[in-house]
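Here is a friendly walk through one model, taken a residue and a sheet at a time. Have the structure open beside you as you read.

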Amino acid sequence: MPAARRLDRPTLDDHIALVLDNLSSALAKGDAEPVTQLPLAGAAEVHGVQRLHVGFSLIEVVAEYNVLRETLLQFAVDNGIHLTTDVLVVIDRVLDKAIGLAVRTYSEQKTLEIQAQREEHLSFIIHDLKTPLAAVQTAANILHQALTMQGTNDRISRMMSIIHRNTERLSALISKVVRQQVNLQTASEKGPAFPSRLERRSFDLWPLVEALVDDLRPLAEARSTVITNAILHDQLISADPELLPQVFQNLLSNAIEYTTGGEITIGAANLEREDAVRCWVTDTGAGIPKERLGKVFDRLETDPDRPGGVGLGLTIAKQIVEAHGGEIVVKSQLGKGSTFEFTIPESTQIQRAS
């Protein structure tokens with residue numbers, strides 16, 4: 001079996017000894033009870049979960065027990081041991097029960113992991129709605145102030161009130177759902193598994209970032225901060241076009257949050273020797289204290305001085321970068337600003353035809 005070739009001998013033999021103990025006990029008792037009633041220790045249940053975690057398919061889990069069955073029968077033949085019908089019945093029933101238990105726990109654990117991934121993915125999507133919504137709210141406020149100075153009629157005032165009221169309701173709803181999702185996930189020790197699948201294609205990076213900058217400009221202007229897209233117009237990247245914007249959006253919104261009256265620069269460059277594209281977001285903001293620098297990408301890690309966050313933004317960015325095979329790092333100096341830098345490697349650097 002392909003999955004077995006990757007395992008060392010102790011892992012490969014894991015729990016098999018306990019299954020054989022169950023079998024020997026059943027043989028000693030002449031236990032030929034129906035499979036559903038046959039008492040077995042928990043070796044098969046643990047074995048099913050363990051095989052899931054080391055990469056076995058469900059078919060390979062079943063096949064492994066059948067190999068064990070065939071090995072036992074061949075051992076009897078090689079040593080001149082005559083197996084009576086009663087003994088064969090016990091062997092079959094014990095191994096069939098072990099297969100059933102292993103398959104059940106394998107399937108249950110797999111279902112739980114898929115459910116956890118979906119919940120994690122949903123919380124990330126909901127979280128990412130907050131930044132564009134904040135930009136809409138800020139733009140609406142700026143528009144309202146401009147229209148008020150020029151003088152507005154009752155109809156326009158009502159429309160602006162509707163926009164303001166509904167964006168506030170939507171913001172509150174998103175925050176509530178994010179908190180609920182986070183509460184569900186804190187019970188699990190597993191980190192987010194996001195995303196499970198990438199759909200890469202080659203595209204120009206500059207317009208993607210420029211669109212994000214344009215969308216988030218109202219938030220930056222509200223803080224008197226200037227955003228510069230320093231990416232070259234012919235910079236190509238091969239990545240998931242749905243997921244990569246989330247990395248830039250989270251890094252950019254984070255930079256805006258901590259930069260008042262300063263500058264934010266977004267850049268990218270090819271790393272020819274590593275066949276990768278390096279991207280960065282640099283700000284002249286507040287910077288990150290040394291004691292928090294090593295934890296900023298941790299799930300649910302929030303700034304104690306800025307209540308209201310849920311600690312997912314930078315985690316999302318890290319998950320997506322790592323799903324592309326890259327890595328993300330941060331450099332920061334308190335009071336002078338921060339630089340978040342990430343790479344998208346492995347054939348992501350696409351050469352433009354000359």
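## A histidine and its surroundings

Leaving aside neighbours within four places in sequence, H324 is in contact (heavy atoms within 4.5 Å) with L198, R200, A239, D240, I344 and P345. This is a predicted model, in which local features need pLDDT of at least 70 and side-chain atom pairs count only at pLDDT 80 or more, while totals for chains, interfaces and linings use all residues. Residues are numbered from 1 along each chain as its sequence is written, and side-chain values use heavy atoms, with hydrogens and water left out.

H324 sits in the loop between α10 and β6. Helices (H or I, at least four residues) and strands (E, at least two) are DSSP runs, numbered from the N terminus. The side chain of H324 reaches the backbone nitrogen of D240 at 3.1 Å.

Is H324 buried or exposed? With a relative accessible area of 2%, H324 is buried. A323, placed in helix α10, is partly exposed at 28%. Here buried means under 20% relative accessible area, exposed over 50%, and partly exposed in between (1.4 Å probe, protein chains only).

## Strand pairing

Two strands pair if DSSP finds at least two bridges between them. β4 takes part in both pairings below.

| Strands | Sense | Bridges | 
|---|---|---|
| β2 (226-229) and β4 | parallel | 4 bridges |
| β4 and β5 | antiparallel | 8 bridges |

On the β5 side, I264 has D283 as its bridge partner.

## The nonpolar cores

In soluble globular proteins, nonpolar side chains tend to be buried together. A nonpolar core is a set of buried Ala, Val, Leu, Ile, Met, Phe, Trp, Tyr and Cys residues joined through side-chain atoms within 4.5 Å. The largest one in this model has 41 residues, and those with the most contacts inside it are L205, L244, F248, L251, I266 and F342. Among the elements giving two or more residues to this core are α7 (205-222), α8 (244-257), β4 (263-271), β5 (276-283) and α10 (313-323). The most comes from α7, with 8 residues.

L251 shows how the pieces meet: beyond its neighbours within four places in sequence, L251 is in contact with V281, L314, A317, I328, F340 and F342. A second, separate core has 21 residues, including A43, V61, I91 and L101.

Conventions:
A polar contact is a pair of N or O atoms within 3.5 Å; within protein, one must be able to donate a hydrogen and the other to accept it, and residues adjacent in sequence count only if both atoms are side-chain atoms.
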